[in-house]
Amino acid sequence: MYHIRGTEIEKQKYFRKTKSLCPECLQPIDAVVVEEDGPVSEKNKILMKKDCPTHGHFEDVISTNALYYKWTHYAEEGVFSFEKDGDANPPDNKTYDPRGCPYNCGLCPEHKSTCSLALIDITNRCNLKCNFCYANVEKSGILIEPSLDEVRKIMRHFRSKPIPAVAIMFTGGEPTVRKDFVDIVRMAKEEGFKEVLVATNGYGFQRKNGVGEKFAKDCWEAGLDTLYFQFDGIHDVTYEKTRGQKDFFSYKLRALDNCRKAGLDSIVLVPTVAKGVTDIEIGNILQFAMSNLDIIRGVTFQPVSLCGRVSFEELRELRFTNADLIREIDNQTGGVIAMETSWYPLTTIVEFGRIIAWLADVEPIEFTCYPDCGFATFMVLNPATGKMESILDYFDAVELVRYSNQFWRKLQAHKKPEFFSKALGGMGEAGQNVGLLLDRGLDWLDKNQLKLRFVAGMLPAIKRPGKLMEVFSKMLVNGKWEAVSAFIYGSLFIGSMHFQDAYNFDLDRSKRCIVHFGVWDPHEKKVIESPFCVMNTVIRGDIEKKVARPWKKAVEEWHSPEEAKQIIAENQAKGIPTQVAQNGGEEAKEQ
Amino acid sequence: MSGERKGEVVDRGDGFKIRKSVDFETGMIQTQQEALVKTMKRYEERDNPLEQLAENVVAKTIDAFLNLNEKIVSSLPADTRLKVQKAWQDVMLAF
């Protein structure tokens, strides 16, 4: 329930100034985010309005539910807020562009969050040709494929920061077309990433005659934790519209089944949601997830972002906001995952996560993104009734945020015990060592009493006990990544990640982005780190030109000298051959 | 692989079926519990037995505490409950 109902905030019109981009020339321009004209109503739209001195006026819909939007932007100083600054790493970029953010990206001092999920585009080759994809070799005519050495440099960039990235995702293109994909996964674990993910349409995993199953097993053994699995619905006709592929649902089922056989049992379904195309599949996708809970850990819906130029009318027709999504989920689940009671911004758990990490002395994973970026809920099984229920039946999330915020503020001011080190410090080296040892014991006691305080103080936020709370309290006590992972295995995550485009681009969002691309710049000999939406909206084109590889050289690497000579001769005039663009040439035989 | 289960579905007649409700009684209790047990086992195998024991003791204690708390709290009038909870949190935050 939005706890601002009945307050003055509900009655006030929403207004915020920000910076955006002109969708025509991509230059930074002022913008306002405002509630539409007329009397205050939760059904009002929240609009972004902006004017480019050269290209005129632009408007886009940011949310179709004003009350939900106001609630996610409401704050009580020091007690409650969904807008949270992260502990950002020191800036990488020393150059200065007078246009400011995002043109100083790479990253600049204005960035407010650290990177929680590092992304590496390991290829732009793909076996599919989706018309809305931003990274496709055949569309761009440029082959992008960092070498293993370059991939390692990018990983080390993210891991060597004062606050290192905990998770890494390989993206593309289709990452599994690379023959050395398993080696790349292994490398990520060697470099210390806790969670290794791949964004895939399932290509490597769906192959027949045991090839896909063996590939899944090899990936699992090398350390692949999770598939971020493109999944638009359960109808072939949906995939014809979104991916231009016929009979494609069986391809998806084959990939999932091979993962199941191989023991790769952490799969997140990722549907791209477009109005009138895939929005009617939302209920089907959730049902599919519920029916395959042994391997499916979550569903992350991605409302489509609009690459390229569209008219005002087309924009209104195609735009699908987070509010549209949660309304549609409510409709298609018969109200069980209800719009007003089930959803919270991803930032809800920031302080909670920091406390657990602080108490367990582990690296935190921080969701300090902007409240507009995404939202989430967990469904958990109640063994007593056999029903999947919202996790919010167990917790009062607002109370949890309030208490965690206050507890975290206290912890930040809390100092490690130094009693014995100080007392015995003057007794030479031996005395100092004994003092340190005794203080470590005090620290252990101190942390455990703080754990108990945290759990005990949370009692008012806990609505009811049960098996879930037992698993949850283990997570609190242990705090290690594996314990968090075990909690996630006992539930189904449902969330949304709405990436920006030039029409709804909001610098307040980009400055807090926690999902960062890393690209090795061979000219500058350094890694360029860029927030996801800045990379795709503003700088991808320029960077790709810098890092492009000659396709002929790649063909020579992947094929025997005779085959390479033939492929190059046949395609000299045409540019990148389809068999190279799609899978490197050889894998097609296995399909 | 099961793609179709219960829940109200409308066949639009153009190749699409739209789901009006999702079946939350999925009959997946056993499957999900098996997945959970498998994962917990995997995670416990990596862990120190002493830590496991401590975790189990704490988890059981917290569970018992929560059950007791629920009984006490639910027996209090709403305004008293809020006051008690606020005072309780203040004590827990006093460090």
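This is a predicted model: local features need pLDDT of at least 70, side-chain atom pairs count only at pLDDT 80 or more; totals for chains, interfaces and linings use all residues.
Residues are numbered from 1 along each chain as its sequence is written, chains are lettered from A and ligands numbered from 1 in the order in which they are written, and side-chain values use heavy atoms, with hydrogens and water left out.

Secondary-structure elements are DSSP runs, numbered from the N terminus, with helices (H or I) of at least four residues and strands (E) of at least two. Helix H13 of chain A, residues 397-413, contains 17 residues and spans 25 Å between its first and last C-alpha atoms, close to the expected 24 Å; the expected span is 1.5 Å times one less than the number of residues. Residues are classed as buried under 20% relative accessible area, exposed over 50% and partly exposed in between (1.4 Å probe, protein chains only). The buried residues of H13(A) include Val398(A), Leu400(A), Tyr403(A), Phe407(A), Trp408(A) and Leu411(A). In chain A, the buried residues of this helix pack against strands E6 (80-81) and E14 (344-345) and helices H12 (350-360) and H15 (428-457); in chain B, they pack against helix H3 (78-92). At the start of H13(A), the backbone nitrogen of Val398(A) has a side-chain oxygen of Asp396(A) within 3.2 Å.

Chain B comprises 3 helices and 2 strands, arranged along the sequence as β-β-α-α-α. Of its 95 residues, 29% are buried. Among contacts (heavy atoms within 4.5 Å) in chain B with a separation of 6 or more, residues 24 or more positions apart account for 0%. The accessible surface of the chain, from the Shrake-Rupley method with a 1.4 Å probe and, for residues, only the protein chains shown as cover, is about 6100 Å², with 59% belonging to carbon and sulfur atoms. A nonpolar surface patch is formed by Phe65(B), Leu68(B), Ile72(B) and Trp88(B), together exposing about 360 Å² of accessible area. Patches consist of residues with over 30% relative accessible area and no salt bridge, like charges being joined within 9 Å and nonpolar side chains (Val, Leu, Ile, Met, Phe, Trp, Tyr) within 5 Å. Helix H2 of chain B, residues 49-74, supplies the largest share of the patch, 3 residues. Ile72(B) belongs to H2 and is partly exposed, at 47% relative accessible area.

In the pair Lys161(A) and Asp92(A), the closest N and O atoms are 3.2 Å apart. Lys161(A) is in the loop between helix H4 (148-159) and strand E8 (167-171), and Asp92(A) in the loop between E6 and strand E7 (117-121), so the pair ties together parts 69 residues apart in sequence. Lys161(A) is buried at 12% relative accessible area, whereas Asp92(A) is partly exposed at 21%. The salt bridge between Glu110(A) and Lys511(A) has its closest N and O atoms 3.0 Å apart. Glu110(A) lies in the loop between E6 and E7 and Lys511(A) in the loop between helix H18 (507-510) and strand E18 (515-521), so this pair ties together parts 401 residues apart in sequence. Lys511(A) is buried, with a relative accessible area of 19%, and Glu110(A) is partly exposed, with 35%.

Asp324(A) lies in helix H11 of chain A, residues 322-332, and is buried at 12% relative accessible area. Its side chain makes a polar contact of 3.2 Å with that of Arg327(A). Polar contacts are pairs of N or O atoms within 3.5 Å; within protein, one must be able to donate a hydrogen and the other to accept it, and residues adjacent in sequence count only if both atoms are side-chain atoms.

Asn209(A), although not a glycine, has a positive phi of about 55° and is exposed at 79% relative accessibility.

Methods: A salt bridge is a side-chain nitrogen of Lys or Arg within 4 Å of a carboxyl oxygen of Asp or Glu.
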